[in-house]
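Me: I am new to protein models and would like to learn how to read one. Could you go through the features with me, step by step?

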Amino acid sequence: MLFADDAAVCAHSEEQLQILMDHFSRACEDFSLTISLKKTQVMAQEADPPNININNYTLEVVHQFVYLGSTICDNVSIDAEINKRIGKAATTMARLTERVWNNNMLTISTKVAVFHACVLSTLLYGSESWTVYASQEKKLNTFYMRCLRRILHIKWQDHITNGEVLDRAKTTSLITILTQRRLRWLGHIYRMEDGRIPKDLLYGELASGKRSTGRPHLRFKDVCKRDMKATEIDVNKWEQLAGDRSQWRQAVTTGLRRSEEKLRQSAENKRARRKEKQGLPLSDSAFRCHLCDRDCHSRIGLSSHSRRCSDQQPHR
């Protein structure tokens, strides 16, 4: 798989890429190796894809491909990867239904341990380097909580909060698990020797060019800074902690405990405000039904009610 991640690089080095592929093709012929032309593809991330030929065969240009088990897209988004991760985790969850989840001989702690080992590891494969947005975290957390409720045999009619579900399962929220994986990977990268590719990518900067107009894409650095602020780790002094592995793990563990408590408290406060709002009488609005004079309080509510109300009215 060949890919270019910058428009300028793609535009100025297409000939160099072609020369490189010609040398690679001749080297394969010298060792009696054959290049699979149908499996060799080209992808450009936010750039015009180059035209690469091997033995007068133009390589196919694709928008995404799987590399080392992870899906890489040309729009620099992990939505496709998250959707595939959820699909594979759901398949694993379904295969263990009869043997594990519905097995009354196993305790809840054993089922949760199997869930973390089999399902969660499939769901969060490669998540240490993910740059996730809030909407993507919410999507992952929704699937995570649905799996825990299925393991604990809790239905939505039981009206049990997510916090109580986590307490029964004796585990933490998925957001905390993602934060833990990223911060531990960040400390591991810092302790790497200079010249390693992950460390060069973390500290590297472009020599030229500028970011496009509008909201820029979220970077891995931005997500790590957000995690450190949530765990109350000093952004300016994190490298001093990361240099010592045990000290960094202790700081991350302590910060995650505080972050989890904040998330629980925030969810409880939000739920309490929603309950208070539901108990207050609604003020009159302009969205009233012209047939029965019912106050629907919203445009979409009025539209839905009008269809039912008109069907119930006697026809003249």
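**Reading the features**

Reply: Buried means under 20% relative accessible area, exposed over 50%, and partly exposed lies in between (1.4 Å probe, protein chains only). Before we go on, this is a predicted model: local features need pLDDT of at least 70, side-chain atom pairs count only at pLDDT 80 or more, and totals for chains, interfaces and linings use all residues. Residues are numbered from 1 along each chain as its sequence is written, and side-chain values use heavy atoms, with hydrogens and water left out.

Me: Where is Glu232 found, and what is its phi?

Reply: Here is the general idea: most residues other than glycine have a negative phi. Glu232 has a positive one, near 60°, and is found in the loop between helix H10 (220–230) and H11. Helices (H or I, at least four residues) and strands (E, at least two) are DSSP runs, numbered from the N terminus. Val76 also has a positive phi, near 55°. Val76 sits in the loop between E7 and H3 and is partly exposed, with 47% relative accessibility.

Me: How many helices and strands are there in the chain?

Reply: The chain has 13 helices and seven strands. Its radius of gyration is 27 Å, well over the 20 Å that the globule rule gives for 316 residues, so the chain is more spread out than a compact globule. That radius is taken over C-alpha atoms, and the globule rule is 2.2 Å times the number of residues to the power 0.38. Along the principal axes, the C-alpha atoms fill a box of roughly 85 × 65 × 45 Å. Buried residues make up 32% of the 316 residues.

Me: What is Ile78 in contact with, leaving aside its neighbours within four places in sequence?

Reply: Contact means heavy atoms within 4.5 Å. With those neighbours left aside, Ile78 is in contact with Trp130, Thr131, Val132 and Gln136. The C-alpha atoms of Ile78 and Gln136 are separated by 8.8 Å, and the two residues are 58 residues apart along the chain. Ile78 lies in the loop between strand E7 (70–73) and helix H3 (79–95), and counts as buried at 17% relative accessibility. For the chain, 59% of the contacts with a separation of 6 or more are between residues 24 or more positions apart.

Me: How many aromatic pairs are there, and how do I read one?

Reply: A pair of aromatic rings is described by the distance of the centres and the angle of the planes. Rings of Phe, Tyr and Trp (its six-membered ring) pair if their centres lie within 6.5 Å; planes under 30 degrees apart count as stacked, over 60 as edge-to-face and the rest as tilted. By this rule there are three aromatic pairs. One of them is Tyr190 with Trp238, edge-to-face, at 5.6 Å centre to centre and 65° between the planes. This pair links distant parts of the chain, with Tyr190 in helix H8 (residues 174–190) and Trp238 in helix H11 (residues 238–242), 48 residues apart.

Me: Is Trp238 buried or exposed, and which residues form a cluster with it?

Reply: Trp238 is buried, at 11% relative accessible area. Its ring and that of Trp248 have centres 6.1 Å apart and planes at 55°, so this pair is tilted. Trp248 is in helix H12 (residues 245–279), ten residues apart from Trp238, and is buried at 1% relative accessibility. Together, Tyr190, Trp238 and Trp248 form one aromatic cluster.
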